[in-house]
Amino acid sequence: MRNILITGASSGFGEAIARTMSRENGRLILTARSEDKLMKLCDEITKSTNCEVLPLVFDVRDPEACDKAINSIPDKFKPIDVLVNNAGLAVELDPIHKGALEDWERMIDTNIKGLLYVTRLIAPMMVENKAGHIINLGSTASHEVYMGGGVYCATKHAVLALSKAMRTDFLPYGIKVTMIAPGAAETNFSVVRFHGDQEKADKVYAGYDPLVAQDIADIVEFVLSRPPHVCLNEIIVTPTAQFNGVINRK
């Protein structure tokens, strides 16, 4: 029975991963900032599966909140076998000379610092046990850049670099590290990017079939199903209509 911790679990990829992994009937530790959404998800999983769920409401951008939350995890949910660093976001599409500092800080603090804060607290458990699996949610933006996405792309390039560094650092301890890099996916991603503007978000996905959250959840399930001697270091997945930064719209 594995203990799996998923950050940003109240929506999007995180929610789909949580629902999919709950079929294992193991133990899930689900974190998010939105208490209402998180508690609703935990309640639904508890009622529909035999999975035990522990909700933790905190913001990964806050190192003290991370420390308090992770240290509150009861022994029953330890050691943590799998960490899914899913929490992340993009904000706006402004060029560098017009970008808002608060948007930049929000992306950097969530996508890079938040991932580091949580990993720093969880990884020692894995090192001690000489086992574990860390899955970092990157992006095709971990490899490409696009107009107006400079800072977001920089944060996802950092996720790629950190994933490689973790793989190297944890190699002596038998800890797996995987980065999953999705392309265009229709979740709440663009709604968040455009501050809740649904009309703007819908235009991002017009004219082609984008990925959906379940596609990524299925990949996570597959990654975690591999035998101990197999580590999938990186998986890049896009809609059929997308290659690199180019999307073929109908």
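In what sense do E1 and strand E2 (residues 27-32) pair, and over how many bridges? They run parallel, with four bridges between them; two strands count as paired if DSSP finds at least two bridges between them. Strands (E, at least two residues) and helices (H or I, at least four) are DSSP runs numbered from the N terminus. This is a predicted model, so to speak only of what was kept: local features need pLDDT of at least 70, side-chain atom pairs count only at pLDDT 80 or more, and totals for chains, interfaces and linings use all residues. Residues are numbered from 1 along each chain as its sequence is written, and side-chain values use heavy atoms, with hydrogens and water left out.

Back to E1, residues 3-6: Asn-3 and Leu-5 point one way, Ile-4 and Ile-6 the other, and all are buried (under 20% relative accessible area, with a 1.4 Å probe and protein chains only; exposed is over 50%, partly exposed in between). Asn-3 has Arg-27 of E2 as its bridge partner. On the E4 side (residues 82-85), E1 pairs in the parallel sense over three bridges, and Ile-4 is partnered by Val-82.

Zooming out, seven strands make an open sheet with parallel pairing, in the order E3-E2-E1-E4-E5-E6-E7. Strand E3 (52-57) and strand E7 (234-237) sit at the edges with a single partner strand each, so one side of each has no neighbour in the sheet. E3 pairs with E2 in the parallel sense over six bridges, and Leu-30 stands opposite Pro-55 in E3.
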